[in-house]
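Please look over the two chains together before turning to single residues. The paragraphs below go from the contact between the chains to selected side chains within each of them.

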Amino acid sequence: MDEQELLDMLERQNQLLEKDNRAVSFERTSPQLDSAVAGSEASKRRCGSDSGPLQEQHIAEQQLLQHGQNGPRRHAMRRSASADPAVKVKERMASTSSSSSQLQHHQQQQAENGKQEEAADPEVERFMLWTEILSNWDTWYRKKQRRLLDLLYEGVPGALRCVVWQHLARSQQQASEVSAARLHTDNAPSYAELIAQDTPHDKLIQQDLARTFPKHHKFKDKQGDGQEVLYNVMKAYSLYDTEVGYCQGSAFIVAILLMHMPEEEAFDLFIILMRDYRLRGMFKPSMADLPLRLHQFDALIRATFPDLHAHFGDLGLAPSMYASQWFLTAFTSSLHTEAAFRLFDVFLLEGIPLLFKAGLAILHTNHNLLHRHNFDGVMTVLGRDGLQQRYVGAEEELLHATKAAAVTQKQLQRYEKQYHTEKKEEEERTSELARLRDKCHRLEQRNAALEAQLGTLEGDYNKLAKKHLDVSVQLHQRDEQLLDMQEQLRRLMDAHVSLSSDTAVAEGKQAADDGGDSVVDGSLETSTRTENSDEQGQVERDASVDGDQQSGGDNGEGNGHVAANKDGAEKQKTLKGCREEENQQGDQGGGHEQEAKA
Amino acid sequence: MATRKKVLLKVIILGDSGVGKTSLMNQYVNRKFSNQYKATIGADFLTKEVTVDDRLVTMQIWDTAGQERFQSLGVAFYRGADCCVLVFDVTVPRSFESLEAWRDEFLIQASPRDPEHFPFVVLGNKVDLKDNRAITENRAKSWCDEKGNIPYFETSAKEATKVETAFLTIARAALQQEKDEDIYHDFKDAVNLDDVPDKKQDGCGC
């Protein structure tokens, strides 16, 4: 800023000051800026709503943070009465311009007294510039955003951080399509109402209070107001956004806000960060956006530091192992507070891309070290507290590298798309795998059932086969018996035939002797037929032979052959018995066969 | 196996938020206790070289965030774990009741080859808070017995009670698991050789 501009600005501020007719009190002798702002009545009025100790705490803390350079804490203490963000912004701007005008006035006085010191203290100059920015916020935000960004990289004066952060957040909120309408709707309960309620996340919130900046003077004591206000804000948010509730990590961001502003303002700002800066997606129960950010970051490392990416790949080291906390706490838990504040200054204008840039900057500024290290070494550098002291006094190195890191929206969008595609494919693969596993399981079950069935059937089959074998053996034996019997039968038949022919010859002789031959003819005829007849026929004919023999006997003729006839009858009887037996066996065999069939 | 180089044992510590996972890890690795630990966000890890049964091993111990919603983020470092340590707070019944869920979730995500025999060790921490004790040793032990005789230790990270003993058991279990994995790999190779002719036979069958 050149001298002429500065003078013009001072002139304007002076006029404003006179118009406002505000008293300027000099509460502190040094540093100059402190006194310039501290006297603002508007500030005092607003501070009135805050508790005394809190206010003191803020001042003390601010002094510490600023190393006594400047510390008009009361800016941060202002509590707007209006719920309308636009009015709030206006009020803040008015207040800022009034305080800045006081500052300019004081500065001018000093300049006059000190005969125009060669160059003002750079801190003072920076403070003046920022007050000017705040008083013309809309212009700066809309028309000079590039320059605004440069200035944010150079750092916001600690004293103005609260106001600057709130201005940035409100502008982001207004620009964001999702937001404003839903914020502070009539239905939304007020902060006071929220903190009066009970939250289901109470236990976890309480548990984390002492574990959020446990070494920071504001939060280390259980009785300290820091833990109390942190509890209030986390509780209020968990009730305000029931879907997210409370998620570990978010308390670090809120604590960073609470280091600069009172609880209700921190709560309002946190809502904007969650919704309009899209932090919310990382904190939802699914934490869905965290793997997305980690994927994007991994892709950025590959694009920016291919060698390092390859090295990490060889070590089996993924961003999820070290960078989760970077994204979940916006670096607030990983770096010392001053470095975290500096990044947060820029984050509020750049949003999520700043987180990637800072991540790349950390890799860049430790590049050589990381390249040499093995898994353990890399994790020691990038892990939990590895970076805590790394940028103490070297904040500029980090900010410079962050600014230089090239991350474009286009890139991020491309990686996001890629992530979703890969995720979808992965999900498809997983569901396909699940489907196949299910199918496999069902088939296995079916297979087992079939095997069991097969086992039963095989058992049955074996039983039947055994039975079949038994029956076959029996049949075979019967066949042999049958053959024997047939053989016997044949022999008997032969005997019978020879017997019959003997009888016939004998009868023929007798007939020739007696002169009658009819009976002999009949007998001979019968015996000839018998040889070819079936068994049943044979039985009948056997009976007729008996009859013949009987009739022969009755006649009392051929007595010389009676004995032979009797012998034949005996044989016939034996044959009959055999046949009956065979029939019986045949029945039995049939029975077996029937059984086998069953 | 005799020629095997340095052994790296990967151990994962799981359990509800605030049960003392970070404290136990730090007590074991750095032999110190602090009540100023930050809440673990995401994951963190420490390594320690120890001699287990005359073997020098490096233990890579992973500490995790305890909030339930962080469970799904574990995948990257759950894989290849050699032992899983389940921690609960003996003064908080709920943290004991959560053990089952932590165990199941771990098995799903780490998907070890033989989930039935994957080594777990359970630590009931904060036994120094005698007056607030809510879970008895017997109750914890019987749960561990039910789950396949999981070794159980009553520890106090604050007073360094049983921490060393517990981690030695953890190291042994991890080492055994590591060996089993090796045997499995050898075995798998042997099976593979047999597999080839089998496949050929199948081919002929078609």
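How many salt bridges does the rule find across the interface of chain B and chain A? This is a predicted model, in which local features need pLDDT of at least 70 and side-chain atom pairs count only at pLDDT 80 or more, while totals for chains, interfaces and linings use all residues. Side-chain values use heavy atoms, with hydrogens and water left out, residues are numbered from 1 along each chain as its sequence is written, and chains are lettered from A and ligands numbered from 1 in the order in which they are written.

The rule, by which a salt bridge is a side-chain nitrogen of Lys or Arg within 4 Å of a carboxyl oxygen of Asp or Glu, finds three salt bridges across the interface of chain B and chain A. D63(B) forms a salt bridge with R384(A), and the closest N and O atoms of this pair are 3.0 Å apart. Helices (H or I, at least four residues) and strands (E, at least two) are here DSSP runs, numbered from the N terminus.

The size of an interface is often given as the accessible area lost when the parts come together. Chain B and chain A bury about 2500 Å² between them, 56% of it on carbon and sulfur atoms, where buried area is the accessible area (1.4 Å probe) that two parts lose on being put together, summed over both. In chain B, the residues that lose the most area to chain A are K38(B), I41(B) and R69(B), together 30% of what that side buries. Counted by contact (heavy atoms within 4.5 Å), the interface takes 27 residues from chain B and 34 residues from chain A.

Rings of Phe, Tyr and Trp (its six-membered ring) pair if their centres lie within 6.5 Å, with planes under 30 degrees apart counting as stacked, over 60 as edge-to-face and the rest as tilted. Over all chains, the structure holds 30 aromatic pairs. One of them, between Y28(B) and F167(B), is stacked, with 4.2 Å centre to centre and 5 degrees between the planes. This pair links distant parts of the chain, as Y28(B) lies in helix α1 (residues 21–30) of chain B and F167(B) in helix α6 (residues 163–205) of chain B, 139 residues apart. Both partners are buried, with a relative accessible area of 2% for Y28(B) and 0% for F167(B); buried means under 20% relative accessible area, exposed over 50%, and partly exposed in between (1.4 Å probe, protein chains only).

The ring of Y28(B) also has the charged end of K48(B) sitting over it, 4.6 Å from its centre, a term that requires NZ of Lys or CZ of Arg within 6 Å of the ring centre and within 35 degrees of the ring normal. The charged end of R103(B) sits over the ring of F120(B), 5.5 Å from its centre. F120(B) belongs to a cluster linked by ring pairs, whose members include F375(A), F45(B) and W62(B).

Over all chains the count comes to 28 salt bridges. In chain A, the side chains of R280(A) and D241(A) meet in one of 2.6 Å, N to O. That pair links distant parts of the chain, with R280(A) in helix α16 (residues 280–283) of chain A and D241(A) in the loop between α13 (225–240) and α14 (250–258) of chain A, 39 residues apart. R280(A) is partly exposed at 22% relative accessible area, whereas D241(A) is buried at 7%.
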